[in-house]
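Hello,

Please find the structure below, with some notes on what was found in it.

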Amino acid sequence: MIAVESLTRRYAGFTAVDNVSFTALPGRVTGFLGPNGAGKSTTMRVMVGLTAPTSGSATIDGVRFADLPNPGLEVGVLLDASAQHAGRTGREILTIAADTMGLPRRRVDEMLELVSLNPTEAKRRVRNYSLGMRQRLGIGTALLGDPRVLILDEPANGLDPAGIRWMRDLLTGFASQGGTVLLSSHLLHEIEVIADDLVVIGNGKIVAAGTKEELLAAAGTLARSTSPRDLAHALEQAGIPSTLASDGSVRTDADPARVGAVALTAGVALTELRSAESAGLEDMFLSLTADTQREGVAA
Amino acid sequence: MTATTISPDTIEAAPPRRTARPIPAIRLVKVELRKMFNTRSGFWMLISIGALSPISAGSLLVLGLDSDVTYQNFVRASGFPMSVILPIIAILAVTGEWSQRSGLTTFTLVPSRERVIGAKAIATLLVGLGAVSVAFAVGALGNVAGSALAGVDTAWDISLSMALQMVLYNLVGMAFGFALGVVLRNSAAAIVGYFVASLVMPGILALLAQVRSWFEDLQPWIDWHYTQVALLDGATNTVKEWAMLGSTTMIWIVIPLAVGLLSLRRSEVK
């Protein structure tokens, strides 16, 4: 389990992480979301001791990362796949990590196979790797010590579709065996498919946290009708605020059953009625972080 | 949600983890030694030490006069390339973690930065001692071959005191490079800094000593290059001369290293 408590990190003049608290539970994949510069990477660096917090703490199973005797065996970390010595081969990078953790060298071959880097690629220097290959190597380094906690910053970046599918299966498998996974990503679709819990951060503050179901349920209902204006009007009469989108869909915070009942009473024929889950994460993300978006996207 | 979700209770009952033991220091030293030479630049520096020493000693053999055939000259010749390359190896051993950003992995696997830097220092010392032994061995071979070719008596003209000073000369050079690396944490800046301090600064200080007589007495106490030359010549003998070496070491190595370590402990690894 990862527990972050009242974590704050200030730099001269601005607060990158502001009183952040959340937990990532074992057996679950926790998605860590936020716009660029929201404080995701800083929070993750503090978790693994690369950045000192101004106040607050982050612990792994109750222990500060820096106090773990051999952290590689307990926590797999991938913060930046490009942060490797460019003049080293992929195999050497895994070898020195395995040596540091005190693991047998055969783990290196097992990992190379797991992340699908073939022997020729493993002999090439990282300078010549594509982003996807670096990402695979980084995941291999994170999994090398057979840890029970994974902290991954944008692990799907640069992976091809097959690689993304592979990563998804890997992480769900890891969590189903009782592992704790915390991953950040900008790929909302990826997070929506893979995450059990979500933590959303904006301007260094937590703006939402909970299970995916809870958070997306809050995103409400999407309904379509042959006469959307009548539907919106009927909802308004029933005291349910709604928005009429330009594509003719009507969105509201009320649950689908209530919207259906209102439509029935008003005699409006619905052509579609569902919880707004499928498009929900992106909407939720944009509305929650609207104040912090660079583009000033309207919620 | 998938059907394979496990309740927290089952997770508690999962098989107990192996108890992790702290990483032993000797393992860290071995890893740091490996890291010094498993990069492309590290590999070529190792090769250049191995190749340039014999070449340098060999050129003395071919070009030198019969009177040049002494052990001291051969050791100097084979040691010269090292005295340039060893400090750079020491610099890169530290700065690579920042300039190449491999520190992100290094310091997550070993969160104690003091231990990592300590292991790097020991690895650097071992490389220095190894390289200097090679210089003495290559020098001995050159000396035997040279005296046989020239038909003169083999001259073993290095005293124990001189040998120790030559070893120290190389180690102090490496320590200076190491300290620069810790302070600057940037490969290019540290290498430039090293050459400025060993090539440009001595000239300026020598000039200063010529025009300002009060500085002439002070120079040996603060000029790093001055005490280095004394070591190389085996001319550090009196208590005063050792004190001068101590003074320049304090100014150029101990103080920068202490300052660098303090900031390195707290600095952010990005």
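**Strand E3 of chain A**

Both faces of E3(A) are covered: Val29(A), Gly31(A) and Leu33(A) are buried on one side, and Thr30(A) and Phe32(A) are buried on the other. A residue is buried if 20 or more other C-beta atoms, placed from the backbone, lie within 10 Å of its own. Strands (E, at least two residues) and helices (H or I, at least four) are DSSP runs, numbered from the N terminus. In a regular strand the side chains alternate between the two faces of the sheet.

This is a predicted model, in which local features need pLDDT of at least 70, side-chain atom pairs count only at pLDDT 80 or more, and totals for chains, interfaces and linings use all residues. Residues are numbered from 1 along each chain as its sequence is written, while chains are lettered from A and ligands numbered from 1 in the order in which they are written.

E3(A) runs parallel to strand E8 (residues 180-184) of chain A, joined by four bridges, and Thr30(A) stands opposite Leu182(A). Four bridges also pair E3(A) with strand E9 (residues 197-202) of chain A in the parallel sense, where Phe32(A) stands opposite Val199(A). Two strands pair if DSSP finds at least two bridges between them.

**Helix H5 of chain A**

H5(A) covers residues 131-143, and 10 of its 13 residues are buried. Among them are Met133(A), Leu137(A) and Ile139(A). What covers the buried residues includes helix H2 (90-101) of chain A and helix H5 (103-109) of chain B.

Regards

Note on methods. The expected span of a helix is 1.5 Å times one less than its number of residues. A residue is buried if 20 or more other C-beta atoms lie within 10 Å of its own, exposed if 12 or fewer, and partly exposed in between; C-beta atoms are placed from the backbone. Two residues are in contact if their C-beta atoms, placed from the backbone, lie within 7 Å.
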